[in-house]
Amino acid sequence: MALSSLEKQQEKLNKLNEKIKNEKKKIDNKVGHEIIKLSNLDYSKLTTDKIKELTKEFSEFLKGKNSSDETEKSTDSVSDENINSVHEKTENNYKNVNNF
């Protein structure tokens, strides 16, 4: 009887893990879609290498922003220089994607 109870709990755990995995996948897809949409990128011109490059740059930007947020808790805004830098990189990447 104890074995049956453990098996049922294991089944519930497996279903819960699958549900978590599916929810993470939905979030990943939504984030990716929003980034592509807001950046006006053309899906047909996004190669695997270009996607990796863009995600690496985006990740580095977020990591830099998070570390600066921790060290500069007194300011609530991103500096104009950072915004311009990211804007320039995004424009350059957009131009590069459209040149393929």
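Modeller: Glu11 is a reasonable place to begin: its relative accessibility is 45%, so Glu11 counts as partly exposed. This is a predicted model, and every value here is computed from it. The side chain of Glu11 meets that of Lys15 in a salt bridge, with 3.4 Å from N to O. Lys15 has a relative accessible area of 54% and is therefore exposed, the cut-off for exposed being over 50%. The two residues are four apart in helix H1, which means that about one helical turn separates Glu11 from Lys15. An α-helix has 3.6 residues a turn, so residues three or four places apart point the same way. Side chains of opposite charge can pair when their charged atoms come close.

Helix H1 itself covers residues 2-38, 37 residues in total. From its first C-alpha to its last, H1 reaches 54 Å, close to the 54 Å expected at 1.5 Å a residue. Just after H1, Asn40 takes a positive phi of about 55°.

Another pair in H1 is Glu34 and Lys37, three residues apart, about one turn of the helix. Glu34 forms a salt bridge with Lys37, and their closest N and O atoms are 3.3 Å apart. Glu34 has a relative accessible area of 34% and is partly exposed. Lys37, at 45% relative accessibility, also counts as partly exposed.

Helix H2, residues 48-71, holds a pair as well: Lys50 and Glu53 are three residues apart there, separated by about one helical turn. Their side chains meet in a salt bridge at 3.4 Å, N to O. Here the lysine is buried, since Lys50 has a relative accessible area of 5% and buried means under 20%.

Buried residues make up 7% of the 100 residues in the chain, and Lys50 is buried. The accessible surface of the chain comes to about 8800 Å², and 54% of that belongs to carbon and sulfur atoms.

Note on methods:
Residues are numbered from 1 along each chain as its sequence is written. This is a predicted model: local features need pLDDT of at least 70, side-chain atom pairs count only at pLDDT 80 or more; totals for chains, interfaces and linings use all residues. Side-chain values use heavy atoms; hydrogens and water are left out. Buried means under 20% relative accessible area, exposed over 50%, partly exposed in between (1.4 Å probe, protein chains only). Accessible areas come from the Shrake-Rupley method with a 1.4 Å probe; for residues, only the protein chains shown count as cover. The expected span of a helix is 1.5 Å times one less than its number of residues. A salt bridge is a side-chain nitrogen of Lys or Arg within 4 Å of a carboxyl oxygen of Asp or Glu.
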